[in-house]
Amino acid sequence: MDWGPREGPVVIAWHGLARTGRDMDELAVHFAGRGFRVICPDTIGRGLSQWSPVPDEEYQLSFYARIAAALCDDLQLTRVHWVGTSMGGAIGLVCAGGLVEPAMKGRIASLVLNDTAPQIAAAAVERIRSYAGQPPAFDTVVELEAFFRTVYKPYGWLSNAQWRRLTETSTRRLPDGRVTPHYDPAMVRQFTAHPDDYLLWSHFDAVEVPLLCLRGVESDLVLPGTLDEMRRRGPGAKGRLQIIEVPGCGHAPALNVPAHLDPIEAFVRAAGT
């Protein structure tokens with residue numbers, strides 16, 4: 001999805017592990033209405049993007065960073081602000097560090113991590129794998145929506161219309177007519193084929209741009225001790241780190257209300273457009 005004026009400053013908004021770029025609709029409307037161009041991709045294996053023919057090779061952060069670099073090349077984006085939820089934040093962290101795709105380091109002007117960090121809790125990863133690795137199938141979209149409302153309850157408040165849109169943009173019909181979440185279940189093999197893929201301290205230490213970390217107060221993925229470590233090193237040690245605890249949310253804030261979006265906009269504007 002490509003929102004807003006083509007000549008505006010650019011925000012790349014990247015979704016989470018088992019989600020799609022349409023999760024960023026509210027953020028895109030918010031920023032596009034203020035003169036920004038907002039790019040919201042579907043990662044390979046999710047939504048309308050193709051599934052990987054070699055999942056153990058391509059479902060990993062380094063390959064996602066390569067896709068991000070190719071996206072910027074294709075759209076001729078030389079300076080972007082990156083907002084990433086969960087996996088999308090990890091991709092942004094890898095890009096901003098420049099250890100995998102050096103050209104991306106100079107392109108990213110600021111980085112927002114939405115409930116992710118250079119180290120994430122193993123128990124939370126197992127929880128996510130438990131529902132993402134074996135997605136259920138339902139006879140009706142209404143049943144699928146009820147499932148989404150349960151597993152994504154930690155997102156915080158969504159209106160009924162937003163829950164319905166989340167469902168409609170996350171639905172894939174199976175050959176037998178049932179519906180299921182719109183992603184390749186093999187994408188969770190990232191955690192077995194690349195068990196240390198989300199251990200990103202070296203990338204965090206290499207980040208030289210302003211970094212904002214949003215953490216759901218009830219998050220089980222980003223632990224308080226990890227935030228303390230972030231404050232002591234990398235951008236934290238250099239005074240470039242801001243941390244905001246978001247009440248009423250776990251993993252991860254939906255970025256759909258002013259209380260989520262206004263601080264991100266203020267941060268991006270302070271980083272320079």
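Analyst: Two strands pair if DSSP finds at least two bridges between them. Strands (E, at least two residues) and helices (H or I, at least four) are DSSP runs, numbered from the N terminus. This is a predicted model, in which local features need pLDDT of at least 70, side-chain atom pairs count only at pLDDT 80 or more, and totals for chains, interfaces and linings use all residues. Residues are numbered from 1 along each chain as its sequence is written, and side-chain values use heavy atoms, with hydrogens and water left out.

User: What is the strand order of the open sheet?

Analyst: Seven strands run in the order β1-β3-β2-β4-β5-β8-β9, with mixed pairing.

User: Why do β1 and β9 stand at the edges?

Analyst: β1 (2–3) and β9 (241–246) each have a single partner strand, so one side of each lacks a neighbour in the sheet.

User: What joins strand β2 to strand β4?

Analyst: Five bridges join β2 (residues 10–14) to β4 (residues 80–85), and the two run parallel. W14 stands opposite G84 in β4.

User: Why is α3 called roughly perpendicular to α4?

Analyst: The axes of α3 (residues 61–75) and α4 (residues 87–97) cross at roughly 75° and come within 9 Å. Axes are lines fitted to C-alpha atoms, for helices over the stretch in contact, and angles run from 0 to 180 degrees between N-to-C directions. Roughly perpendicular means 65 to 115 degrees. Hence α3 is roughly perpendicular to α4.

User: Which residues of α3 and α4 make the contact?

Analyst: Contact means heavy atoms within 4.5 Å. L61, Y64, A65 and A68 of α3 meet M87, A90, I91, V94 and C95 of α4. By class, that is nine nonpolar, no polar and no charged residues. Ala, Val, Leu, Ile, Met, Phe, Trp, Tyr, Cys and Pro count as nonpolar, Asp, Glu, Lys and Arg as charged, and the others, Gly among them, as polar.

User: How do α7 and α8 lie to each other, roughly parallel or roughly perpendicular?

Analyst: Helix α7 (residues 141–151) and helix α8 (residues 160–168) pack at about 110°, with axes 9 Å apart. They are therefore roughly perpendicular. Their contact divides into six nonpolar, two polar and three charged residues.

User: What is near 55° at Q76?

Analyst: Phi, a positive value in a residue other than glycine. Q76 sits in the loop between α3 and β4. Most residues other than glycine have a negative phi, and most peptide bonds are trans.

User: Where is a cis peptide bond?

Analyst: It joins H251 and A252, with omega about 0°. A252 lies in the loop between β9 and α12.

User: Which residues are closest to the centre of the largest pocket?

Analyst: The largest pocket holds about 260 Å³ of space. Of its 14 lining residues, I120, A122, V125, P195 and Y198 are closest to the centre. A pocket is an open set of points on a 1 Å grid over the protein atoms alone, where a 1.4 Å probe fits, with protein on both sides within 12 Å along at least five of seven lines; lining residues have an atom within 4 Å of a point. Its volume is the space filled by probe spheres set on the points, which are joined across faces, edges and corners.

Terms used:
Angles under 35 degrees count as roughly parallel, over 145 as roughly antiparallel, 65 to 115 as roughly perpendicular and the rest as oblique.
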